[in-house]
Amino acid sequence: MSGRAPRLPIPLDVLLAVPLLIIAAAIGLVILGLGARLTPHELFRALSEAETLFALRLSFSTSLISLALSLLLGVPAAYLLARRRFRGMALVDTLLDLPLVMPPLVAGLGLLFVIGRSSPLPPLAEIGAVFLFSPAGMVLAQTFIATTIIVRSAKAAFEAVDPGYRDVAGTLGLTPARVFFAIDLPLAAGGIVSGAILAWARALGEFGATLMVAGATRFRTETLPMAIYLNMATGEVEVAVACALVLLVTAFALLLMMRGLKRA
Amino acid sequence: MAKRHFLPGVALVLALVLVLVAPRAMADELHVYAGAGLRQPVSAIADLFKAETGTNVVIEFGGSGQIMARYAEAGEGDVFVPGSTFYSDKLEAKGLVRSMRLLVEHGPVLAVTKAKAGEITTFSDLAKPGVRLGLGDPEAMALGRTAEDILKASGMAEKILPNVTVRAATVKQLALYVFDGDVDAAIIAASDAAMNPDKVTVVAIPKEWYTVEIVPVVVLTTAKEPDAAEAFAEKLASDEGRAVWKRFGFTPVASDGE
């Protein structure tokens with residue numbers, strides 16, 4: 001209120017720092033709350049439980065397979081969307097964004113209905129028998145969620161590549177395929193990799209879609225988020241918190257990695 | 001000038017705080033935890049209760065074990081309606097029970113999808129190779145525990161367990177799987193099967209293999225409005241309440257002819 005323009009800088013910074021502090025403190029407290037729940041001894045014991053180790057292995061293996069699949073699907077699709085214009089493109093583009101805002105539980109319910117026995121497309125139910133209630137179903141659910149993120153980030157990355165390079169390459173007689181591999185892909189790589197890291201983190205934490213498609217079967221479809229859910233349900237807070245901490249630490253490492261890549 | 005710009009902002013924030021806080025402050029509201037499988041009757045009776053008393057009833061549904069864990073962490077709430085006395089016993093042991101009333105049976109049945117009704121006609125058919133069976137997670141939900149008892153008592157657990165295709169976290173999720181034919185059979189609530197005779201065929205489970213779970217209503221010692229909480233519990237157990245339970249396929253305890 002004493003703030004005349006020349007004197008503003010310091011009070012303004014202080015003013016702006018308050019919300020920043022609140023946000024940082026809130027996140028810090030959430031992590032502290034989880035971390036302080038267990039003594040190091042309890043944490044170690046919970047981490048070495050067979051159930052935790054199983055969830056850890058399944059989470060990492062399924063999420064990495066899902067990541068590979070979503071890159072395989074997402075990058076070419078993104079390239080097409082970034083490079084070509086076609087009728088109904090706005091519609092397709094918006095459709096592809098939908099899973100980003102769709103609650104995963106809804107995505108899972110939809111997947112279950114499409115590949116379940118009462119599927120509106122009976123042949124899909126035949127294929128569905130492989131996916132339903134199995135780790136393959138978890139990969140399906142995670143890929144569904146992760147692919148959207150890849151498409152989004154890869155498309156932005158391809159669009160950021162100066163079309164001049166491509167035009168020059170074209171006039172020099174490079175085939176479209178060579179242009180893609182020699183110019184667009186390397187130049188967009190940074191953006192694609194950071195999208196992949198985000199997508200991987202999402203696949204690791206995926207819960208809602210997996211719950212519906214694969215069920216909550218201990219030691220079969222039990223990923224880290226599923227282990228948190230099931231163990232909270234049984235009051236085994238130690239295992240739940242240990243799994244939560246593993247997820248948080250992994251996510252933190254992934255985000256740090258992304259920053260490092262951006263700087264490079 | 002600066003002052004003038006500030007005032008509307010401050011007023012807005014204050015108004016927002018008031019809007020957020022006020023309903024709680026003057027709340028005549030009950031917080032109820034209830035098993036996911038009991039959703040329809042508990043919601044219907046809560047609506048009746050609200051219409052009569054004006055007391056708003058906020059109900060949190062989930063697997064019985066799950067709402068139990070939620071309550072243990074939150075430490076707040078007025079009424080608890082789990083799918084089994086197993087959970088109210090746990091509350092009792094912690095001294096959290098102010099009063100308890102027994103409501104209805106939460107009995108299990110073996111529900112078989114119409115497509116497989118010809119192949120699965122007795123419980124022992126579950127041991128046939130290739131049968132896709134759905135069960136509840138024994139810790140997360142009341143009927144999951146019952147199913148575990150049934151398997152043990154049947155003496156066929158070793159043969160049947162490999163056919164367990166999926167475990168569900170709530171009895172409603174499990175019912176969805178069997179209604180849609182995603183599993184061939186599942187041990188679900190008698191009430192859910194009774195409400196969907198067009199989707200599943202019921203195969204009897206020998207009564208001596210399990211003790212039927214009883215749904216209790218517990219008024220918690222943490223109740224902020226004990227009188228309203230007691231009144232709601234009474235409503236659930238009243239004749240009017242019983243009629244609602246029956247409408248959704250549950251058997252009230254006292255009217256049980258056994």
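Leu96(A) is located in helix 4 of chain A, which comprises residues 89–101, helices being DSSP runs of H or I with at least four residues, and strands runs of E with at least two, numbered from the N terminus. The model is predicted, so that local features need pLDDT of at least 70 and side-chain atom pairs count only at pLDDT 80 or more, whereas totals for chains, interfaces and linings use all residues. Residues are numbered from 1 along each chain as its sequence is written, chains are lettered from A in the order in which they are written, and side-chain values use heavy atoms, with hydrogens and water left out.

With a relative accessibility of 28%, Leu96(A) is partly exposed, a class lying between buried (under 20% relative accessible area) and exposed (over 50%), as computed with a 1.4 Å probe on protein chains only. When residues up to four places away in sequence are not counted, Leu96(A) touches Leu81(A), Thr148(A), Val151(A) and Arg152(A), contact meaning heavy atoms within 4.5 Å. Thr147(A) is 51 residues from Leu96(A) in sequence, yet the two C-alpha atoms are 9.2 Å apart in space.

Over all chains the structure holds 15 aromatic pairs. In one of these, the ring centres of Phe86(B) and Tyr87(B) are 5.0 Å apart and the planes meet at 85 degrees, so the pair is edge-to-face; rings of Phe, Tyr and Trp (its six-membered ring) pair if their centres lie within 6.5 Å, with planes under 30 degrees apart counted as stacked, over 60 as edge-to-face and the rest as tilted. Phe86(B) is partly exposed at 30% relative accessible area, whereas Tyr87(B) is buried at 1%.
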